[in-house]
Amino acid sequence: MRYDLYVVTDEALSCGLTHARIAEYATQGGADVIQLREKEKSCRELYEIACEIREVTARTGSCFIMNDRMDIALACGADGVHFGQDDLPLVAARAIAPRPFIIGISTGTVEEAVTAERNGADYVAVSPVFSTRSKSDAGPGQGLALVREIRRAVSIPVIGIGGIHTGNAEDVIAAGADGIAVISAVVSQQDVTQAARVLREIVVKKRREAVYP
């Protein structure tokens, strides 16, 4: 499983694109993972959107992760779900959906990352690496030092998220991340496909060069 470029959809931050269209264009640019993140839709609407994205990712061979809603992830046949620290406990989620169903966890400390791995997480997202306006509840940037510390502490993939763009993506990979997760750096661009392609190329190139600290 590759996590080089992980794109989180957000209609409010897009240039008029739907979640499904964002997924279509981002995967055309090489996005390895698409996460559906939507807080305003009804359960039925969210399920219908998830099914549309499942069709896109099934066709392109990309991974589809549902944010928060394990019920919808399972109902639409998503590859996995992503939880925050206040969502369904990972142990309970893993009991419902054993592997190969993917469960990722947002972490803001080394202790949270270690606990996530111990409880069966498939990857951890270090959040936020840099300050961001794309997610109002993200809090201040934690910096690259935390990426390095978590990389040393866990053996599962580490994904950096928060304020990442073409100007700092290399630094996140150099600090030990296996990939980057982005919202506005892809979703808010006029050419979503090209934005995804450029970011993924940066990540892949830097991963070839990186010697993690």
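1. **A negative patch.** Four glutamates, Glu45, Glu48, Glu52 and Glu55, come together on the surface as a patch of negative charge. Take Glu45 as the example. Glu45 sits in helix α2, which covers residues 43-60. The relative accessible area of Glu45 is 39%, which makes this residue partly exposed. Keep in mind from here on that this is a predicted model.

2. **Overall build.** The protein has 9 helices and 8 strands. Its radius of gyration is 16 Å, close to the 17 Å that the globule rule gives for 213 residues, so the protein is as compact as a globular protein of that length. Along the principal axes, the C-alpha atoms fill a box of roughly 45 × 40 × 30 Å. Buried residues make up 52% of the 213.

3. **A nonpolar patch.** Leu74, Leu88 and Ile96 make a nonpolar surface patch of about 260 Å². Look at Leu88 here. Its place is the loop between β4 (80-83) and α4 (90-96). Leu88 has 37% relative accessibility and counts as partly exposed.

4. How many salt bridges does the structure hold? The count is 15. In one of them, the side chains of Arg37 and Asp10 meet, with N to O at 4.0 Å. Arg37 is in the loop between β2 (33-36) and α2, while Asp10 is in the loop between β1 (5-9) and α1 (19-28), so this pair ties together parts that are 27 residues apart in sequence. Are the two partners buried or exposed? Arg37 is buried, at 14% relative accessibility. Asp10 is buried too, at 11%.

5. **A bridge between two helices.** Arg59 and Glu24 also meet through their side chains in a salt bridge, at 2.4 Å from N to O. Arg59 belongs to helix α2 and Glu24 to helix α1, so to speak two distant parts of the chain, 35 residues apart. The partners differ in cover. Arg59 is exposed, with a relative accessible area of 53%. Glu24 is buried, with a relative accessible area of 15%.

6. Glu209 pairs with Lys206 in a salt bridge whose closest N and O atoms are 3.7 Å apart. Both residues lie in helix α9 (residues 192-209). They are 3 residues apart, about one turn of the helix. Glu209 is partly exposed, at a relative accessible area of 42%. Lys206 shows 19% relative accessibility. Buried means under 20%, so Lys206 counts as buried.

7. **A network.** Some salt bridges share partners. In this way Arg2, Asp4, Asp32, Arg200 and Arg207 are joined into one network.

8. **Two cis peptide bonds.** Most peptide bonds are trans. Pro100 lies in the loop between α4 and β5 (102-107). The bond from Ser127 to Pro128 is cis as well, with omega near -15°. Pro128 is in the loop between β6 (123-126) and α6 (144-153).

9. **A positive phi.** Most residues other than glycine have a negative phi. Asp68 has a positive value, near 70°, and is not a glycine. Where is Asp68 found? Its position is the loop between β3 (63-67) and α3 (70-76). At 23% relative accessibility, Asp68 is partly exposed.

10. **A contact across the sequence.** Return to helix α9, where Val203 lies. Val203 is buried, at 0% relative accessibility. How far apart are the C-alpha atoms of Val203 and Leu5? They are separated by 7.5 Å, although the two residues are 198 residues apart along the chain.

Technical notes: Residues are numbered from 1 along each chain as its sequence is written. This is a predicted model: local features need pLDDT of at least 70, side-chain atom pairs count only at pLDDT 80 or more; totals for chains, interfaces and linings use all residues. Side-chain values use heavy atoms; hydrogens and water are left out. Patches are made of residues with over 30% relative accessible area and no salt bridge: like charges are joined within 9 Å, nonpolar side chains (Val, Leu, Ile, Met, Phe, Trp, Tyr) within 5 Å. Accessible areas come from the Shrake-Rupley method with a 1.4 Å probe; for residues, only the protein chains shown count as cover. Lys and Arg count as positive and Asp and Glu as negative; His and the chain ends are not counted. The place of a charge is taken as NZ of Lys, CZ of Arg, CG of Asp or CD of Glu. Helices (H or I, at least four residues) and strands (E, at least two) are DSSP runs, numbered from the N terminus. Buried means under 20% relative accessible area, exposed over 50%, partly exposed in between (1.4 Å probe, protein chains only). The radius of gyration is taken over C-alpha atoms; the globule rule is 2.2 Å times the number of residues to the power 0.38.
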